[in-house]
Amino acid sequence: MHPLVNIAVGAARRAGELIVRNLDRAGGVTVSEKSRNDFVTEIDRAAEQLVIETIHKAYPDHGILAEESGRHGGDEYVWIIDPLDGTTNFLHGFPQFAVSIACQHRGRVEAGVIFDPLRSELFTASRGAGAQLENRRLRVSAQRAIEGSLIGTGFPYRANTRWLKPYLAMLEQVMQRAAGVRRPGSAALDLAYVAAGRLDGFWELGLAPWDTAAGNLMITEAGGRIGTLAGNPYADGGNLIAGNPRIFTALVETCAPFLGDDLRG
Ligand code: 2AM
Ligand code: CA
């Protein structure tokens with residue numbers, strides 16, 4: 001295993017264990033929204049600290065870009081960390097969340113790990129060496145058309161509800177043609193599922209770099225494509241379409257009529 005992947009795996013497992021240990025305290029707790037949010041922030045922070053500690057033990061000079069603590073440290077290698085992707089699910093005891101860790105070298109993601117601690121599913125990827133689920137090589141699906149496909153998505157939230165109209169127009173198109181549309185709530189895991197061929201395609205607006213850094217590499221290494229809504233190469237912007245190559249193209253075509261200037265990217 002690539003040394004960067006190896007460190008990421010150890011970090012993700014430690015964070016995952018902490019998250020699962022605290023799940024009982026989250027789901028169904030009848031407390032105020034504020035104390036719920038404080039609780040999830042506490043778990044987010046603790047999981048993130050475990051990940052950063054593990055990385056810095058091996059690589060003290062590496063930089064960090066993480067959901068809770070932001071950007072700090074060196075800039076040749078930067079680790080992009082989402083300690084708990086799917087926090088709303090976690091808070092409600094809805095069993096779909098993950099730890100996502102990627103390592104960038106000079107601006108290019110070289111290694112990525114997405115860990116689902118409840119199913120104990122570990123998705124890994126390193127540049128040029130493919131993507132794996134445990135010991136199996138990942139490959140995107142062979143689905144040829146949106147008709148018959150299973151497509152994942154995420155709904156625009158908070159500030160991003162300004163995109164609700166175009167988003168719903170896209171959804172209307174996709175749901176009328178696909179076999180099914182799923183909104184599981186952890187973008188990192190959704191991207192891993194595209195790489196694994198469990199989803200034929202995926203799109204979402206308003207994501208953050210830590211939601212997508214590991215999944216981006218995973219999909220590319222599994223033979224899939226990921227891009228902006230207009231189908232351009234994806235960097236780390238928030239709006240994306242992913243899928244096997246045919247479904248990627250079909251989703252880009254489907255979304256095209258609904259892209260205003262702010263969504264074209
Ligand atoms: P998070 O759980 O780490 O916040 C779901 O649509 C995806 O969007 C998840 O990957 C989720 O990551 C991300 N997201 C970021 N901010 C969010 C918010 N305020 N509400 C819901 N999802 C959010
Ligand atoms: Ca996230």
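What volume does the largest pocket have? About 880 Å³. Keep in mind that this is a predicted model.

I'll stay with that pocket for a moment. Its lining has 31 residues, and the closest to its centre are G86, T87, T88, Y157 and R158. By class, the lining has 12 charged, 10 polar and nine nonpolar residues. Helix 3 supplies the largest share, six residues. Strand 3, helix 4, helix 6 and helix 7 are among the elements that each supply at least two. Domain 1 (3-137) and domain 2 (150-263) both give residues to this lining, so the pocket lies between them.

On to the second largest pocket, with about 320 Å³ of space. V109, R127, N216, Y234 and A235 are the closest to its centre, out of 21 lining residues. Here helix 7 gives the most, six residues. The classes are 11 nonpolar, six polar and four charged. Again both domains contribute to the lining, so this pocket too lies between domain 1 and domain 2.

D85 sits in strand 3 and D211 in helix 7, so to speak distant parts of the chain, 126 residues apart. Both are buried: D85 has a relative accessible area of 6%, and D211 one of 7%.

Last, helix 6, residues 187-195. Nine of its nine residues are buried, including D190 and Y193. After the helix comes G197, with a positive phi near 80°.

How values were computed
Residues numbered from 1 in each chain as written. Chains lettered and ligands numbered in written order. Predicted model: local features only at pLDDT ≥ 70, side-chain atom pairs only at ≥ 80, totals over all residues. Heavy atoms only, no water. Helix = DSSP H or I, 4+ residues; strand = E, 2+ residues; numbered from the N terminus. Buried < 20%, exposed > 50% of the residue type's maximum accessible area, 1.4 Å probe, protein only. 1 Å grid on protein atoms, 1.4 Å probe; cavity = no way out; pocket = protein on both sides within 12 Å on 5 of 7 lines; lining within 4 Å. Points joined across faces, edges and corners; volume = space filled by probe spheres on them. Nonpolar A, V, L, I, M, F, W, Y, C, P; charged D, E, K, R; others polar. Domains from an automatic or database assignment.
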